[in-house]
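This report covers one protein model.

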Amino acid sequence: MAQIYLLVAGVMLCSIPACSLGWNLPRSHSQENKEVFQHLAQMQRIPSQWCLKDRTDFKCPWKRENITPIQMTQGTCHHHLMLQQIFNLFATEDSHAAWNNTLLDKLLSSLHLRLHRLEQLKKDNLDCRDLGLAAREYFHGIHVYLKAKEYSPCAWEVVRVEIERCLSLM
């Protein structure tokens, strides 16, 4: 079941353009999103179905139905903010202890490249306070979850799948 979920998420990410929420990002950004998603998928160490008991609802704040028209105009800022939070999550010592460092370095490199390119686009759109607060709360919840689960392999797998899901929604 979990593998089907990942396949659907992958198809969604690969088939929708990066501007799916009305964002005007160049087509090259869609390819870069695919690379980030592929690196995340390659990082899977254990089958997701082994971790079903560890699943939780992180309450993703940027589902399509939660995004207001004003927030849609802040798409580049939102995208940058989310990628920055994902980068921060996977750049921790605990993350380095949990993942294959070669794959993790590829993911961090792809995220860094995406962040750099988005910074070039968002010069005029730096302020996305409401989304920023929601993103920080969301990622704080992920950090609390990982700590409560003592950074177990299943906890990291649940988080990896959650980040894939979030990227597919973006």
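## A buried glutamate

Glu 157 counts as buried because its relative accessibility is 2%. Buried means under 20% relative accessible area, exposed over 50%, and partly exposed in between, with a 1.4 Å probe and protein chains only. Glu 157 sits in helix α8, which spans residues 153-169. Helices are DSSP runs of H or I with at least four residues, strands are E runs of at least two, and numbering starts at the N terminus.

Which residues does Glu 157 touch, not counting residues up to four places away in sequence? They are Gln 44, Arg 45, Ile 46, Ser 48, Cys 51 and Trp 99. Contact here means heavy atoms within 4.5 Å.

## Basis of the model

This is a predicted model: local features need pLDDT of at least 70, side-chain atom pairs count only at pLDDT 80 or more, and totals for chains, interfaces and linings use all residues. Residues are numbered from 1 along each chain as its sequence is written, and side-chain values use heavy atoms, without hydrogens or water.

## Fold and surface

The protein has 8 helices and 0 strands. Its pattern along the sequence is α-α-α-α-α-α-α-α. Among contacts between residues at least 6 apart in sequence, 84% join residues at least 24 apart.

The protein has 170 residues, and 48% of them count as buried. Its accessible surface comes to about 9,100 Å². Carbon and sulfur atoms hold 55% of that surface. Areas come from the Shrake-Rupley method with a 1.4 Å probe; for residues, only the protein chains shown count as cover.

## An exposed arginine

Arg 55 lies in the loop between α2 (27-42) and α3 (69-72). Arg 55 counts as exposed because its relative accessibility is 60%. The C-alpha atoms of Arg 55 and Cys 154 are 8.8 Å apart, yet 99 residues separate the two along the chain.

## Cavities

The structure holds 2 cavities of 30 Å³ or more. A cavity is a set of points, on a 1 Å grid over the protein atoms alone, where a 1.4 Å probe fits but cannot get out; lining residues have an atom within 4 Å of a point.

What lines the largest cavity? Arg 45, Ile 46, Ala 98, Trp 99, Pro 153, Trp 156 and Glu 157 do. α8 gives the most to this lining, with 3 residues. By class, the lining has 5 nonpolar, no polar and 2 charged residues.

How values were computed
On a 1 Å grid over the protein atoms alone, a cavity is a set of points where a 1.4 Å probe fits but cannot get out, and a pocket is an open set with protein on both sides within 12 Å along at least five of seven lines; lining residues have an atom within 4 Å of a point. Grid points are joined across faces, edges and corners, and a volume is the space filled by probe spheres set on the points. Ala, Val, Leu, Ile, Met, Phe, Trp, Tyr, Cys and Pro count as nonpolar, Asp, Glu, Lys and Arg as charged, and the others, Gly among them, as polar.
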